[in-house]
Amino acid sequence: MPKKDVLETKIYVLDTNILLHEPLAFLSFKENDVVVPMTVLEELDHIKDSKKDVARDARVSIRAMEDLLHDATPEELMQGVSMKGLVAGENAPVGTLSIFVDHGMPVSQQVFTSNENDNRIINSALHLQAKLSPRQVVLVTKDINMRLKAKGAGLGHVEDYRTDQLITDIKYLSKGYHQFPGDFWEKIKAVDSRTEGRDTIHTIERKVLPEAYVNEFLLDDSQHFAGLVESVTKDHLEILDLGYERLMGRKAWGITPKNIGQAMALHALLDPHIDLVVLTGPAGSGKTLLALAAALEMVVEKNMYDKIIVTRSTPEIAESIGFLPGTEEEKMAPWLAAITDSLEVLHKNDENVKGSMNYIMEKANIQFKSVNFMRGRSIQNAIVLLDESQNLTAAQLKTIITRCGEGTKLICSGNLAQIDSNYLSAVTSGLTYIVEKFKNFSGSATINLDGVVRSRLAEFAEEHL
(Lines give C-alpha, C1' and ligand atoms only; values in the text may rest on other atoms or scores of the structure.)
Protein backbone atom coordinates (compact mmCIF):
# COMPACT_ATOMS: atom_id res chain seq x y z
CA MET A 1 0.00 0.00 0.00
CA PRO A 2 1.48 3.41 -0.96
CA LYS A 3 2.56 5.34 2.11
CA LYS A 4 0.61 8.52 2.64
CA ASP A 5 2.31 11.72 3.73
CA VAL A 6 0.45 12.55 6.95
CA LEU A 7 0.91 16.31 6.59
CA GLU A 8 -0.64 16.28 3.13
CA THR A 9 -3.79 14.53 4.32
CA LYS A 10 -6.66 16.37 5.97
CA ILE A 11 -8.75 15.73 9.06
CA TYR A 12 -12.49 15.89 8.44
CA VAL A 13 -14.77 16.51 11.42
CA LEU A 14 -18.31 15.31 10.57
CA ASP A 15 -21.53 16.91 11.76
CA THR A 16 -24.58 14.74 12.54
CA ASN A 17 -26.54 15.87 9.48
CA ILE A 18 -23.84 14.43 7.18
CA LEU A 19 -24.36 10.93 8.61
CA LEU A 20 -28.14 11.30 8.38
CA HIS A 21 -27.87 12.49 4.76
CA GLU A 22 -25.45 9.67 3.82
CA PRO A 23 -25.04 7.04 6.59
CA LEU A 24 -21.75 5.72 5.19
CA ALA A 25 -20.32 9.19 4.53
CA PHE A 26 -17.30 8.53 6.78
CA LEU A 27 -16.01 6.10 4.12
CA SER A 28 -15.96 8.77 1.40
CA PHE A 29 -12.84 10.72 2.38
CA LYS A 30 -10.20 8.47 0.74
CA GLU A 31 -6.76 8.83 2.36
CA ASN A 32 -7.88 11.54 4.80
CA ASP A 33 -8.71 10.97 8.48
CA VAL A 34 -12.26 11.28 9.76
CA VAL A 35 -13.21 12.42 13.28
CA VAL A 36 -16.69 11.93 14.75
CA PRO A 37 -17.21 13.99 17.94
CA MET A 38 -18.97 12.29 20.87
CA THR A 39 -21.78 14.86 20.57
CA VAL A 40 -22.56 13.50 17.09
CA LEU A 41 -22.88 9.96 18.50
CA GLU A 42 -25.23 11.30 21.17
CA GLU A 43 -27.38 13.03 18.56
CA LEU A 44 -27.50 9.84 16.45
CA ASP A 45 -28.47 7.90 19.57
CA HIS A 46 -31.30 10.34 20.25
CA ILE A 47 -32.56 10.20 16.62
CA LYS A 48 -32.29 6.40 16.16
CA ASP A 49 -35.19 5.81 18.56
CA SER A 50 -37.36 8.62 17.24
CA LYS A 51 -40.28 8.24 14.83
CA LYS A 52 -38.60 10.42 12.21
CA ASP A 53 -37.85 9.01 8.76
CA VAL A 54 -34.10 9.58 9.36
CA ALA A 55 -34.11 7.18 12.35
CA ARG A 56 -33.24 4.34 9.97
CA ASP A 57 -30.29 6.31 8.54
CA ALA A 58 -29.03 6.98 12.08
CA ARG A 59 -29.14 3.24 12.88
CA VAL A 60 -27.36 2.31 9.62
CA SER A 61 -24.59 4.80 10.39
CA ILE A 62 -24.16 3.63 13.99
CA ARG A 63 -23.98 -0.04 12.89
CA ALA A 64 -21.42 0.72 10.18
CA MET A 65 -19.17 2.58 12.64
CA GLU A 66 -19.57 -0.18 15.24
CA ASP A 67 -18.54 -2.82 12.67
CA LEU A 68 -15.32 -0.91 12.10
CA LEU A 69 -14.55 0.03 15.70
CA HIS A 70 -15.83 -2.95 17.75
CA ASP A 71 -12.39 -4.54 18.31
CA ALA A 72 -10.58 -1.27 19.03
CA THR A 73 -9.29 -0.35 22.49
CA PRO A 74 -10.29 3.05 23.96
CA GLU A 75 -6.80 4.36 23.10
CA GLU A 76 -7.09 3.17 19.47
CA LEU A 77 -10.56 4.73 19.25
CA MET A 78 -9.09 8.12 20.08
CA GLN A 79 -5.98 7.65 17.93
CA GLY A 80 -7.92 6.40 14.89
CA VAL A 81 -8.77 2.98 13.43
CA SER A 82 -7.77 2.29 9.81
CA MET A 83 -10.63 2.00 7.31
CA LYS A 84 -8.64 -0.46 5.17
CA GLY A 85 -10.85 -3.01 3.45
CA LEU A 86 -13.96 -0.84 3.64
CA VAL A 87 -12.96 1.67 0.98
CA ALA A 88 -12.83 0.69 -2.71
CA GLY A 89 -9.46 -0.14 -4.23
CA GLU A 90 -7.02 -2.67 -2.82
CA ASN A 91 -3.92 -0.50 -2.85
CA ALA A 92 -5.57 2.88 -2.43
CA PRO A 93 -4.35 4.80 0.63
CA VAL A 94 -7.00 4.93 3.34
CA GLY A 95 -7.51 7.14 6.36
CA THR A 96 -8.63 6.41 9.89
CA LEU A 97 -11.85 6.90 11.83
CA SER A 98 -11.63 8.18 15.39
CA ILE A 99 -14.04 9.34 18.09
CA PHE A 100 -13.24 12.68 19.74
CA VAL A 101 -14.39 13.02 23.34
CA ASP A 102 -15.55 16.60 23.44
CA HIS A 103 -17.13 16.53 26.90
CA GLY A 104 -14.00 16.85 29.01
CA MET A 105 -12.54 19.89 27.24
CA PRO A 106 -11.38 22.57 29.70
CA VAL A 107 -13.37 25.81 29.50
CA SER A 108 -10.14 27.66 28.62
CA GLN A 109 -10.01 25.69 25.34
CA GLN A 110 -13.64 26.36 24.41
CA VAL A 111 -14.54 29.24 22.11
CA PHE A 112 -18.27 28.67 22.66
CA THR A 113 -19.10 28.06 26.32
CA SER A 114 -22.87 27.57 25.91
CA ASN A 115 -23.62 23.85 25.96
CA GLU A 116 -25.34 23.48 22.60
CA ASN A 117 -24.55 20.52 20.36
CA ASP A 118 -23.49 22.64 17.36
CA ASN A 119 -21.17 24.68 19.59
CA ARG A 120 -19.56 21.55 21.06
CA ILE A 121 -18.87 20.19 17.56
CA ILE A 122 -17.34 23.53 16.45
CA ASN A 123 -15.24 23.57 19.66
CA SER A 124 -13.96 20.08 18.79
CA ALA A 125 -12.88 21.21 15.32
CA LEU A 126 -11.20 24.37 16.70
CA HIS A 127 -9.37 22.33 19.36
CA LEU A 128 -8.11 19.83 16.73
CA GLN A 129 -7.05 22.72 14.48
CA ALA A 130 -4.93 24.23 17.28
CA LYS A 131 -3.52 20.89 18.44
CA LEU A 132 -2.72 19.28 15.08
CA SER A 133 -1.44 22.29 13.13
CA PRO A 134 -0.08 22.44 10.40
CA ARG A 135 -2.48 19.64 9.29
CA GLN A 136 -5.67 21.00 7.80
CA VAL A 137 -8.83 20.42 9.85
CA VAL A 138 -12.11 20.68 7.93
CA LEU A 139 -15.59 20.79 9.48
CA VAL A 140 -18.16 19.15 7.16
CA THR A 141 -21.78 20.14 7.75
CA LYS A 142 -24.93 20.74 5.72
CA ASP A 143 -26.07 23.39 8.21
CA ILE A 144 -25.33 26.78 6.58
CA ASN A 145 -25.60 28.70 9.86
CA MET A 146 -23.16 26.31 11.53
CA ARG A 147 -20.71 26.88 8.68
CA LEU A 148 -20.95 30.64 9.26
CA LYS A 149 -20.52 30.27 13.04
CA ALA A 150 -17.47 28.03 12.62
CA LYS A 151 -15.85 30.45 10.16
CA GLY A 152 -16.58 33.37 12.48
CA ALA A 153 -15.05 31.49 15.43
CA GLY A 154 -11.76 31.09 13.56
CA LEU A 155 -12.03 27.70 11.82
CA GLY A 156 -10.05 27.90 8.60
CA HIS A 157 -11.88 25.30 6.54
CA VAL A 158 -15.62 24.57 6.51
CA GLU A 159 -17.38 22.61 3.74
CA ASP A 160 -20.66 21.10 2.66
CA TYR A 161 -20.69 17.36 1.88
CA ARG A 162 -20.26 17.24 -1.88
CA THR A 163 -19.43 13.60 -2.61
CA ASP A 164 -22.97 12.88 -3.84
CA GLN A 165 -23.31 16.22 -5.62
CA LEU A 166 -23.44 15.44 -9.33
CA ILE A 167 -23.59 19.00 -10.65
CA THR A 168 -22.03 22.23 -9.40
CA ASP A 169 -24.92 24.50 -10.32
CA ILE A 170 -28.59 23.90 -10.96
CA LYS A 171 -28.30 25.62 -14.35
CA TYR A 172 -26.33 22.57 -15.57
CA LEU A 173 -29.17 20.18 -14.72
CA SER A 174 -30.46 18.23 -17.68
CA LYS A 175 -33.69 19.72 -19.09
CA GLY A 176 -34.68 16.59 -20.98
CA TYR A 177 -34.72 18.33 -24.35
CA HIS A 178 -32.34 20.21 -26.63
CA GLN A 179 -33.39 23.26 -28.61
CA PHE A 180 -31.56 23.92 -31.89
CA PRO A 181 -31.46 27.53 -33.13
CA GLY A 182 -32.94 28.01 -36.60
CA ASP A 183 -33.99 24.99 -38.69
CA PHE A 184 -32.78 21.56 -37.50
CA TRP A 185 -32.43 20.04 -40.98
CA GLU A 186 -30.12 22.82 -42.23
CA LYS A 187 -27.45 21.55 -39.80
CA ILE A 188 -27.69 17.93 -40.97
CA LYS A 189 -25.18 16.93 -43.66
CA ALA A 190 -26.09 13.21 -43.88
CA VAL A 191 -29.28 11.43 -42.89
CA ASP A 192 -30.59 7.91 -43.39
CA SER A 193 -34.37 7.61 -42.87
CA ARG A 194 -36.49 4.49 -42.58
CA THR A 195 -40.12 3.72 -41.78
CA GLU A 196 -41.22 1.24 -39.11
CA GLY A 197 -45.00 0.92 -39.18
CA ARG A 198 -46.32 4.44 -38.68
CA ASP A 199 -43.00 5.75 -37.32
CA THR A 200 -40.21 7.45 -39.23
CA ILE A 201 -36.72 7.06 -37.78
CA HIS A 202 -33.75 9.19 -38.90
CA THR A 203 -30.14 8.08 -38.40
CA ILE A 204 -27.81 11.09 -38.15
CA GLU A 205 -24.19 11.64 -37.15
CA ARG A 206 -23.44 11.77 -33.42
CA LYS A 207 -21.39 14.96 -33.79
CA VAL A 208 -24.62 16.93 -34.38
CA LEU A 209 -25.26 16.51 -30.64
CA PRO A 210 -22.31 14.72 -28.95
CA GLU A 211 -23.89 14.94 -25.47
CA ALA A 212 -27.21 13.39 -26.53
CA TYR A 213 -28.81 10.72 -24.36
CA VAL A 214 -31.72 8.31 -24.86
CA ASN A 215 -35.25 9.77 -24.59
CA GLU A 216 -33.97 13.34 -24.96
CA PHE A 217 -36.35 15.44 -27.05
CA LEU A 218 -34.99 17.55 -29.92
CA LEU A 219 -36.69 20.79 -31.03
CA ASP A 220 -35.83 23.70 -33.30
CA ASP A 221 -37.06 27.27 -33.75
CA SER A 222 -38.99 26.48 -36.95
CA GLN A 223 -41.81 24.85 -34.92
CA HIS A 224 -42.05 22.06 -37.51
CA PHE A 225 -39.47 19.57 -36.27
CA ALA A 226 -39.73 17.61 -33.01
CA GLY A 227 -37.83 14.39 -32.44
CA LEU A 228 -36.86 11.94 -29.72
CA VAL A 229 -33.47 10.25 -29.37
CA GLU A 230 -34.23 6.52 -29.66
CA SER A 231 -30.68 5.18 -29.40
CA VAL A 232 -27.11 6.44 -29.17
CA THR A 233 -24.11 4.62 -30.68
CA LYS A 234 -20.45 5.64 -30.96
CA ASP A 235 -20.97 7.52 -34.24
CA HIS A 236 -24.72 7.81 -34.79
CA LEU A 237 -28.00 8.92 -33.23
CA GLU A 238 -31.37 7.39 -34.09
CA ILE A 239 -34.12 10.03 -33.96
CA LEU A 240 -37.83 9.19 -33.89
CA ASP A 241 -39.65 11.90 -35.86
CA LEU A 242 -42.53 13.07 -33.69
CA GLY A 243 -43.58 16.18 -35.63
CA TYR A 244 -44.28 19.44 -33.80
CA GLU A 245 -48.00 19.57 -34.67
CA ARG A 246 -48.58 15.91 -33.84
CA LEU A 247 -46.84 16.37 -30.49
CA MET A 248 -48.99 19.39 -29.68
CA GLY A 249 -52.06 17.32 -30.62
CA ARG A 250 -51.51 14.73 -27.84
CA LYS A 251 -54.46 14.36 -25.49
CA ALA A 252 -55.08 12.74 -22.11
CA TRP A 253 -58.31 12.73 -20.10
CA GLY A 254 -59.58 15.76 -22.04
CA ILE A 255 -56.38 17.75 -21.42
CA THR A 256 -54.36 19.12 -24.34
CA PRO A 257 -50.89 20.68 -23.91
CA LYS A 258 -50.69 24.48 -23.66
CA ASN A 259 -47.03 24.65 -24.74
CA ILE A 260 -44.37 22.39 -26.24
CA GLY A 261 -42.95 21.55 -22.78
CA GLN A 262 -46.30 20.11 -21.72
CA ALA A 263 -46.58 18.28 -25.06
CA MET A 264 -43.21 16.56 -24.51
CA ALA A 265 -44.19 15.70 -20.92
CA LEU A 266 -47.48 14.19 -22.09
CA HIS A 267 -45.69 12.11 -24.74
CA ALA A 268 -43.31 10.68 -22.11
CA LEU A 269 -46.13 10.13 -19.60
CA LEU A 270 -48.23 8.18 -22.10
CA ASP A 271 -45.32 6.07 -23.43
CA PRO A 272 -45.68 2.54 -21.96
CA HIS A 273 -41.96 1.85 -22.56
CA ILE A 274 -40.90 4.58 -20.15
CA ASP A 275 -40.97 3.41 -16.52
CA LEU A 276 -39.78 6.63 -14.86
CA VAL A 277 -40.85 10.15 -15.81
CA VAL A 278 -39.33 13.07 -13.90
CA LEU A 279 -41.11 16.43 -14.20
CA THR A 280 -39.34 19.52 -12.87
CA GLY A 281 -40.36 23.14 -13.21
CA PRO A 282 -41.85 26.16 -11.43
CA ALA A 283 -45.12 26.28 -9.54
CA GLY A 284 -48.05 26.39 -11.96
CA SER A 285 -46.30 24.80 -14.93
CA GLY A 286 -48.76 21.89 -14.95
CA LYS A 287 -46.66 19.04 -13.49
CA THR A 288 -49.32 17.51 -11.22
CA LEU A 289 -52.22 18.08 -13.60
CA LEU A 290 -50.46 16.42 -16.55
CA ALA A 291 -49.28 13.49 -14.42
CA LEU A 292 -52.79 12.87 -13.07
CA ALA A 293 -54.48 13.26 -16.48
CA ALA A 294 -52.04 10.78 -18.06
CA ALA A 295 -52.45 8.36 -15.13
CA LEU A 296 -56.27 8.43 -15.42
CA GLU A 297 -56.07 7.97 -19.19
CA MET A 298 -53.85 4.89 -18.85
CA VAL A 299 -55.73 3.31 -15.93
CA VAL A 300 -59.39 4.05 -16.76
CA GLU A 301 -59.47 4.48 -20.55
CA LYS A 302 -56.71 2.11 -21.69
CA ASN A 303 -56.66 -0.41 -18.81
CA MET A 304 -52.86 -0.52 -18.96
CA TYR A 305 -52.43 -0.39 -15.18
CA ASP A 306 -54.56 -1.53 -12.22
CA LYS A 307 -54.37 1.46 -9.88
CA ILE A 308 -52.89 4.87 -9.09
CA ILE A 309 -50.87 5.28 -5.89
CA VAL A 310 -50.33 8.90 -4.86
CA THR A 311 -47.62 9.77 -2.35
CA ARG A 312 -45.44 12.69 -1.34
CA SER A 313 -42.91 13.64 1.30
CA THR A 314 -44.88 14.85 4.28
CA PRO A 315 -43.61 17.92 6.15
CA GLU A 316 -41.64 17.40 9.38
CA ILE A 317 -44.74 17.89 11.54
CA ALA A 318 -46.37 14.98 9.75
CA GLU A 319 -43.38 12.57 9.85
CA SER A 320 -45.71 10.53 12.00
CA ILE A 321 -49.15 11.20 10.57
CA GLY A 322 -50.78 9.49 13.53
CA PHE A 323 -52.03 12.72 15.08
CA LEU A 324 -54.61 13.15 12.29
CA PRO A 325 -57.93 11.31 12.57
CA GLY A 326 -59.12 8.58 10.21
CA THR A 327 -57.58 5.96 7.95
CA GLU A 328 -54.17 6.34 6.27
CA GLU A 329 -55.91 7.75 3.17
CA GLU A 330 -57.82 10.30 5.27
CA LYS A 331 -54.70 11.25 7.23
CA MET A 332 -52.79 11.87 3.98
CA ALA A 333 -55.59 13.89 2.35
CA PRO A 334 -54.44 17.34 3.67
CA TRP A 335 -50.94 16.82 2.25
CA LEU A 336 -52.31 15.60 -1.08
CA ALA A 337 -54.73 18.43 -1.73
CA ALA A 338 -52.72 19.22 -4.89
CA ILE A 339 -53.98 15.94 -6.36
CA THR A 340 -57.62 16.49 -5.38
CA ASP A 341 -57.40 20.08 -6.71
CA SER A 342 -56.18 18.70 -10.04
CA LEU A 343 -58.95 16.10 -10.08
CA GLU A 344 -61.45 18.93 -9.59
CA VAL A 345 -59.97 20.86 -12.53
CA LEU A 346 -60.21 17.79 -14.77
CA HIS A 347 -63.92 17.46 -13.95
CA LYS A 348 -64.93 21.10 -13.48
CA ASN A 349 -67.44 20.96 -16.37
CA ASP A 350 -69.26 17.91 -15.01
CA GLU A 351 -72.74 18.38 -13.60
CA ASN A 352 -71.85 16.90 -10.24
CA VAL A 353 -68.13 17.51 -9.63
CA LYS A 354 -68.09 15.76 -6.22
CA GLY A 355 -69.87 12.72 -7.63
CA SER A 356 -67.50 12.54 -10.60
CA MET A 357 -64.47 12.74 -8.32
CA ASN A 358 -65.71 9.96 -6.04
CA TYR A 359 -66.58 7.81 -9.06
CA ILE A 360 -63.16 8.34 -10.66
CA MET A 361 -61.25 7.74 -7.41
CA GLU A 362 -63.04 4.40 -7.12
CA LYS A 363 -62.80 3.49 -10.82
CA ALA A 364 -59.08 4.36 -11.06
CA ASN A 365 -58.47 2.82 -7.62
CA ILE A 366 -56.62 5.96 -6.45
CA GLN A 367 -54.81 5.30 -3.15
CA PHE A 368 -53.13 7.95 -0.99
CA LYS A 369 -50.06 6.61 0.81
CA SER A 370 -47.40 8.10 3.09
CA VAL A 371 -43.78 7.80 1.92
CA ASN A 372 -42.95 6.47 5.41
CA PHE A 373 -45.10 3.40 4.77
CA MET A 374 -43.72 2.63 1.29
CA ARG A 375 -40.65 0.79 2.59
CA GLY A 376 -40.83 -2.97 2.24
CA ARG A 377 -43.66 -2.95 -0.29
CA SER A 378 -43.56 -4.31 -3.81
CA ILE A 379 -45.90 -2.37 -6.05
CA GLN A 380 -47.02 -4.24 -9.17
CA ASN A 381 -48.79 -2.95 -12.29
CA ALA A 382 -49.58 0.50 -10.91
CA ILE A 383 -48.84 4.13 -11.61
CA VAL A 384 -47.08 5.80 -8.68
CA LEU A 385 -47.34 9.61 -8.54
CA LEU A 386 -44.67 11.05 -6.27
CA ASP A 387 -45.43 14.73 -5.72
CA GLU A 388 -43.15 17.34 -4.10
CA SER A 389 -40.14 15.06 -4.57
CA GLN A 390 -37.66 17.96 -4.27
CA ASN A 391 -37.83 17.52 -0.47
CA LEU A 392 -36.57 13.92 -0.55
CA THR A 393 -32.94 12.84 -0.25
CA ALA A 394 -31.35 10.48 -2.78
CA ALA A 395 -31.62 7.64 -0.21
CA GLN A 396 -35.36 8.24 0.33
CA LEU A 397 -35.98 8.32 -3.42
CA LYS A 398 -34.02 5.09 -3.82
CA THR A 399 -36.34 3.50 -1.23
CA ILE A 400 -39.37 4.44 -3.34
CA ILE A 401 -37.90 3.61 -6.77
CA THR A 402 -36.82 0.15 -5.58
CA ARG A 403 -40.43 -0.56 -4.49
CA CYS A 404 -41.58 -0.48 -8.11
CA GLY A 405 -42.20 -4.00 -9.33
CA GLU A 406 -43.09 -5.40 -12.75
CA GLY A 407 -45.32 -3.18 -14.88
CA THR A 408 -45.18 -0.14 -12.58
CA LYS A 409 -44.62 3.40 -13.85
CA LEU A 410 -43.23 6.05 -11.49
CA ILE A 411 -43.89 9.75 -12.08
CA CYS A 412 -41.78 12.10 -9.91
CA SER A 413 -42.60 15.78 -9.92
CA GLY A 414 -41.09 18.67 -8.00
CA ASN A 415 -40.04 22.30 -8.02
CA LEU A 416 -36.38 22.76 -7.06
CA ALA A 417 -37.08 26.39 -6.13
CA GLN A 418 -39.37 25.29 -3.28
CA ILE A 419 -37.27 23.05 -1.02
CA ASP A 420 -38.54 22.92 2.57
CA SER A 421 -35.89 20.60 4.00
CA ASN A 422 -33.28 22.17 6.32
CA TYR A 423 -30.40 20.24 4.82
CA LEU A 424 -31.18 20.03 1.12
CA SER A 425 -30.38 22.55 -1.59
CA ALA A 426 -31.28 22.50 -5.28
CA VAL A 427 -28.00 20.71 -6.15
CA THR A 428 -28.19 18.11 -3.34
CA SER A 429 -31.92 17.32 -3.61
CA GLY A 430 -32.78 13.71 -4.44
CA LEU A 431 -34.78 15.02 -7.41
CA THR A 432 -31.62 16.54 -8.93
CA TYR A 433 -29.78 13.32 -8.17
CA ILE A 434 -32.20 11.06 -10.06
CA VAL A 435 -32.44 13.46 -13.03
CA GLU A 436 -28.66 13.16 -13.47
CA LYS A 437 -28.34 9.46 -12.59
CA PHE A 438 -31.19 8.29 -14.84
CA LYS A 439 -30.62 10.49 -17.87
CA ASN A 440 -28.83 7.70 -19.77
CA PHE A 441 -31.36 5.03 -18.79
CA SER A 442 -33.54 3.99 -21.74
CA GLY A 443 -36.54 3.45 -19.44
CA SER A 444 -36.68 7.00 -18.13
CA ALA A 445 -37.40 10.51 -19.41
CA THR A 446 -36.98 13.94 -17.82
CA ILE A 447 -38.85 17.10 -18.78
CA ASN A 448 -38.19 20.53 -17.36
CA LEU A 449 -41.41 22.49 -17.80
CA ASP A 450 -40.91 26.20 -18.04
CA GLY A 451 -43.70 28.66 -18.47
CA VAL A 452 -46.39 29.12 -15.84
CA VAL A 453 -49.82 28.26 -17.19
CA ARG A 454 -51.75 28.43 -13.92
CA SER A 455 -52.72 32.11 -14.24
CA ARG A 456 -51.23 35.46 -15.19
CA LEU A 457 -51.03 36.24 -11.45
CA ALA A 458 -48.97 33.08 -10.77
CA GLU A 459 -46.76 33.80 -13.82
CA PHE A 460 -46.04 37.36 -12.65
CA ALA A 461 -45.26 36.10 -9.12
CA GLU A 462 -42.89 33.39 -10.43
CA GLU A 463 -41.00 35.96 -12.53
CA HIS A 464 -40.89 38.98 -10.21
CA LEU A 465 -41.05 37.82 -6.59
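Predicted model: local features only at pLDDT ≥ 70, side-chain atom pairs only at ≥ 80, totals over all residues.
Residues are numbered from 1 along each chain as its sequence is written, and side-chain values use heavy atoms, with hydrogens and water left out.

Reader: In which helix is confidence lowest?
Author: pLDDT is the predictor's confidence in each residue, from 0 to 100. The chain averages 84, and strand β13 (residues 276–280) has the highest mean, 95. Helices here are DSSP runs of H or I with at least four residues, and strands are E runs of at least two, numbered from the N terminus. At a mean of 62, confidence is lowest in helix α10 (residues 328–332).

Reader: Which residue forms a salt bridge with D33?
Author: A salt bridge is a side-chain nitrogen of Lys or Arg within 4 Å of a carboxyl oxygen of Asp or Glu. For D33, the closest N and O atoms of the pair are 2.9 Å apart. The pair links distant parts of the chain, from strand β2 to the loop between α5 and β5, 102 residues apart. The partner of D33 is R135.

Reader: Is D57 buried or exposed?
Author: Buried means under 20% relative accessible area, exposed over 50%, and partly exposed in between (1.4 Å probe, protein chains only). R56, which meets D57 in a salt bridge, is partly exposed because its relative accessibility is 34%. With a relative accessible area of 7%, D57 is buried.

Reader: Which residue caps the N-terminal end of helix α6?
Author: Helix α6 spans residues 144–152. A side-chain oxygen of the capping residue lies 3.0 Å from the backbone nitrogen of N145, a polar contact being a pair of N or O atoms within 3.5 Å; within protein, one must be able to donate a hydrogen and the other to accept it, and residues adjacent in sequence count only if both atoms are side-chain atoms. The cap is D143.
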